[in-house]
Amino acid sequence: MENNKKVILDVKDLQTYFLTDAGVVKAVDGVSFSVREGETIGIVGESGSGKSVTNLSIMKLIPSPPGKIVGGEVIFEDQNILDLSEKELREIRGDKISMIFQDPMTSLNPFLKISTQMIETIRLHNKNVSKEEAREKSIKVLEDVGIPAARERIDSYPHQFSGGMRQRVMIAIALSCNAKVLIADEPTTALDVTIQAQILELIQSISKKYGTSVILITHDLGVVAGMCDEVCVMYAGRIVEKALTDDLYKKPLHPYTEGLIKSVPRMDTSGSKEKLFSIEGQPPNVIDLPPCCPFHPRCHKAMEECKHAYPPRKVFDGHEVSCWLYATDEEKNAVLKSIGSTEENDK
Amino acid sequence: MSDKKEPLLVVKDLKQHFPVSSGGVFSRVKGAIRAVDGISFEVNPGETLGIVGESGCGKSTTVRSIAQLYRPTAGEVIFDGVDLCKLPEKELVKARQQIQMIFQDPYASLDPRMTVRTIIAEPIEIFNKRGLLETKLTSLEIEDQVEKLMERVGLNKAFKNRYPHEFSGGQRQRIGIARALALNPKIILADEPVSALDVSIQAQILNLLNDLQEELGLTYIFIAHDLAVIQHISTRVAVMYLGKIVELADKKELYDNPAHPYTQALLSAAPIPDPVIEKERQRIILTGDVPSPDKKQRGCYFQARCPKRMPWCTCHVPPTFEISEKQKVACWLYDENKDYSKVSMEEAEVDAKSNEAKAAADALGQKKKSK
């Protein structure tokens with residue numbers, strides 16, 4: 001799977017831990033992926049799998065303490081974002097890498113007019129722009145994202161907009177600085193189906209028009225299918241499978257991905273009342289996880305190895321998977337042997 | 001479906017308006033939010049009626065009005081031959097034994113200071129105390145029932161004395177289901193029971209609800225905004241928009257041949273988890289947002305966003321047309337007697353004005369009569 005597009009953002013072995021009274025929460029534990037120019041990469045997973053923490057870490061927005069980025073690199077424009085000072089970070093945040101969040105009401109300041117918030121953002125990152133120019137530019141981007149009568153509405157307050165419109169405003173703010181990477185954290189979860197379709201289409205068309213790369217975080221496999229070029233599936237702080245979207249849906253390798261795809265009721269297949277496939281049990285408690293495959297208690301293909309060591313990462317034709325099913329015999333034997341020896345020691 | 005069973009629940013022209021007051025010391029009512037504005041449907045025993053729609057369309061208000069959590073503004077809710085709207089509060093308690101609800105947010109709907117045992121036993125204890133159960137139960141028997149219920153919904157009975165915060169979202173939803181089942185209801189009103197859950201847990205709860213229905217012969221009214229979930233669980237589906245039912249049909253008809261332009265748009269907007277299909281799908285993207293339900297609309301409620309709008313629709317409220325025995329739709333496109341696409345704006349306006357004048361005259365006449 002050759003991909004010649006330029007890598008814009010490269011996340012390497014990122015580790016973010018939270019030190020709590022109850023123990024260490026490894027919210028993100030060795031996550032690597034790269035974002036290419038103009039492409040959309042999806043990160044799926046259930047709540048608590050570390051999707052959002054991954055992306056907050058990219059922007060170094062983890063509250064510390066209790067959180068701490070303990071390892072890894074985020075390479076953007078030949079520098080490691082994690083090494084930058086707060087001042088340097090500010091130039092990247094919102095300017096080159098922008099974020100939009102799930103709830104557009106909480107991410108806009110309810111006391112300020114939309115115009116004030118937009119002009120502020122533009123002028124913060126480009127001091128040479130006059131207020132009038134910034135205002136004109138804001139109106140233009142608002143029109144770009146499909147807000148009718150933008151010239152009049154720019155002086156409204158956030159509460160005067162509906163949910164879908166507010167999300168459009170957020171996207172407009174993200175766009176106003178010509179961001180190269182747009183991180184969208186569940187951008188449509190709070191919205192209705194018809195509005196969701198509008199917003200997704202908007203993100204797609206913007207990505208095409210300006211060549212913006214998008215990191216789309218979601219729990220909805222349907223949204224991923226329609227939007228993303230590549231998908232990472234996260235479970236308990238790790239990427240368990242990464243592949244091109246078509247490959248992932250056609251041939252999921254990891255039992256978790258397989259279960260996830262099968263457990264969603266689908267509209268296109270008859271929709272009969274037969275039993276849905278369900279992954280039994282609950283997602284694990286991520287406090288002080290033992291060194292094993294975190295999915296093994298729920299996995300219907302679990303083997304002895306799974307209980308004792310984290311599976312090695314294997315790559316087949318660009319399709320990455322971390323599961324003992326795909327490990328070589330040598331690797332499996334090594335684990336089984338080490339268990340054997342510890343058991344003997346115990347005796 | 002065609003065999004004529006007595007419907008378990010009949011809803012006739014149900015209206016639920018919430019007054020809006022002007023505020024201040026001398027507040028007066030200046031209007032109403034028409035949350036539910038004249039809906040009618042029937043629910044047969046043993047079936048699942050799914051209600052879909054976007055936020056604010058009145059789905060939740062509908063089931064709450066049925067359960068008489070709000071007293072409806074107008075209309076009838078006939079359950080087992082009795083109109084609940086006319087029952088005094090005292091007799092309602094008895095009816096509520098048969099009608100139970102499951103709520104969306106398992107974090108907000110369980111009292112954090114009660115143990116699981118107390119939560120599940122509470123309805124039984126209340127009915128027991130008032131002597132509304134067939135036989136009076138001893139506390140041991142209640143304990144026994146609680147344990148049975150917990151096992152039935154897939155909870156370990158050893159966790160009886162734990163508090164809700166010790167459980168995950170899916171398990172809490174199971175607690176909510178156990179409580180709803182405690183009084184052996186006939187019908188369960190489920191208000192977005194899986195919307196707050198993760199995908200893998202959602203499948204567990206949907207399977208549980210299906211199993212319970214088969215075993216206990218339950219009837220469900222099931223609300224969701226996820227069309228795939230509704231398709232999975234329902235026998236018939238009602239699509240709501242702005243307080244009205246725009247389409248009511250058997251599941252198969254609705255998903256195979258959606259009639260109302262809104263249903264069509266909804267179905268085409270819902271993502272399907274398959275990249276091959278997604279890439280080839282043509283979407284109907286609706287423009288605009290759902291209008292506010294605080295004023296009476298002139299014409300069809302959906303016309304402002306409708307891709308198939310005709311001049312006629314802007315000033316005439318569509319009645320419900322029956323396409324087939326299994327499919328009813330409120331849209332002028334399906335009137336067999338007349339093709340409205342040729343009617344011009346002027347003609348439509350003239351007709352609407354004369355209708356309105358007539359209606360006003362009728363109303364006046366009735367007022368005089370009543371005096």
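What follows is a set of questions about labels, each answered from the values behind it.

Modeller: One caution first: this is a predicted model.

Biologist: What makes the radius of gyration of chain B agree with a compact globule?

Modeller: Chain B has 371 residues, and a compact globule with that number would have a radius near 21 Å. The value for chain B is 23 Å, so it agrees. Along the principal axes, its C-alpha atoms fill a box of roughly 75 × 65 × 50 Å.

Biologist: How many helices and strands does chain B have?

Modeller: Chain B holds 11 helices and 12 strands.

Biologist: How do you know which residues of chain B are in contact with chain A?

Modeller: The test is a C-beta distance within 7 Å. By that test, 36 residues of chain B touch 38 residues of chain A. Five elements of chain B each give two or more residues to this side: helix 6 (199-216), helix 7 (227-233), helix 8 (251-256), helix 9 (261-269) and helix 10 (275-280). Helix 6 of chain B gives the most, with seven residues. Sorted by class, this side of chain B has 19 nonpolar, 10 polar and seven charged residues.

Biologist: Then what makes helix 4 of chain A roughly parallel to helix 7 of chain A?

Modeller: Helix 4 (residues 114-125) and helix 7 (residues 163-176) of chain A pack at about 25 degrees, with their axes 9 Å apart. The cut-off is under 35 degrees, so helix 4 of chain A counts as roughly parallel to helix 7 of chain A. Their crossing is right-handed. Ile114(A), Gln117(A), Met118(A), Thr121(A) and Ile122(A) of helix 4 meet Val169(A), Ala172(A), Ile173(A) and Ser176(A) of helix 7. This contact has six nonpolar and three polar residues, and no charged ones.

Biologist: On to the sheets. How do you know that strand 1 and strand 2 of chain A pair?

Modeller: Pairing takes at least two bridges. Strand 1 (residues 7-20) and strand 2 (residues 23-36) of chain A share 11, running antiparallel. The two form a hairpin with two residues between them. Strand 1 of chain A also pairs with strand 4 (residues 67-76) of chain A, antiparallel over eight bridges. Tyr17(A) stands opposite Lys26(A) in strand 2 of chain A and opposite Lys68(A) in strand 4 of chain A.

Biologist: How do you know that strand 1 of chain B pairs with strand 2 and strand 4 of chain B?

Modeller: Same cut-off: at least two bridges. Strand 1 and strand 2 (residues 29-43) of chain B are antiparallel over 11 bridges, with Arg34(B) as the bridge partner of His17(B). Five bridges join strand 1 (residues 9-21) to strand 4 (residues 74-79) of chain B, also antiparallel. There, Lys15(B) has Ala74(B) as its bridge partner.

Biologist: Why are strand 6 and strand 11 of chain B called edge strands?

Modeller: They belong to an open sheet of eight strands in chain B, with the order 6-7-8-3-9-10-12-11 and mixed pairing. Strand 6 (99-102) and strand 11 (321-324) of chain B each pair on one side only. On average, neighbouring strands of this sheet are turned by 20 degrees against each other, direction ignored.

Biologist: What lies across strand 9 and strand 10 of chain B?

Modeller: Helix 9 of chain B does, running at about 100 degrees to strand 9 of chain B. Strand 9 (residues 236-241) and strand 10 (residues 244-250) of chain B pair antiparallel over six bridges. Tyr241(B) stands opposite Lys244(B) in strand 10 of chain B.

Conventions:
Residues numbered from 1 in each chain as written. Chains lettered and ligands numbered in written order. Predicted model: local features only at pLDDT ≥ 70, side-chain atom pairs only at ≥ 80, totals over all residues. Contact = placed C-beta atoms within 7 Å. Helix = DSSP H or I, 4+ residues; strand = E, 2+ residues; numbered from the N terminus. Nonpolar A, V, L, I, M, F, W, Y, C, P; charged D, E, K, R; others polar. Axes fitted to C-alpha atoms, helices over the stretch in contact; angles between N-to-C directions. Rg over C-alpha atoms; globule rule 2.2 N^0.38 Å. Parallel < 35°, antiparallel > 145°, perpendicular 65-115°, else oblique. Left-handed = near helix turned anticlockwise from the far one by under 90°.
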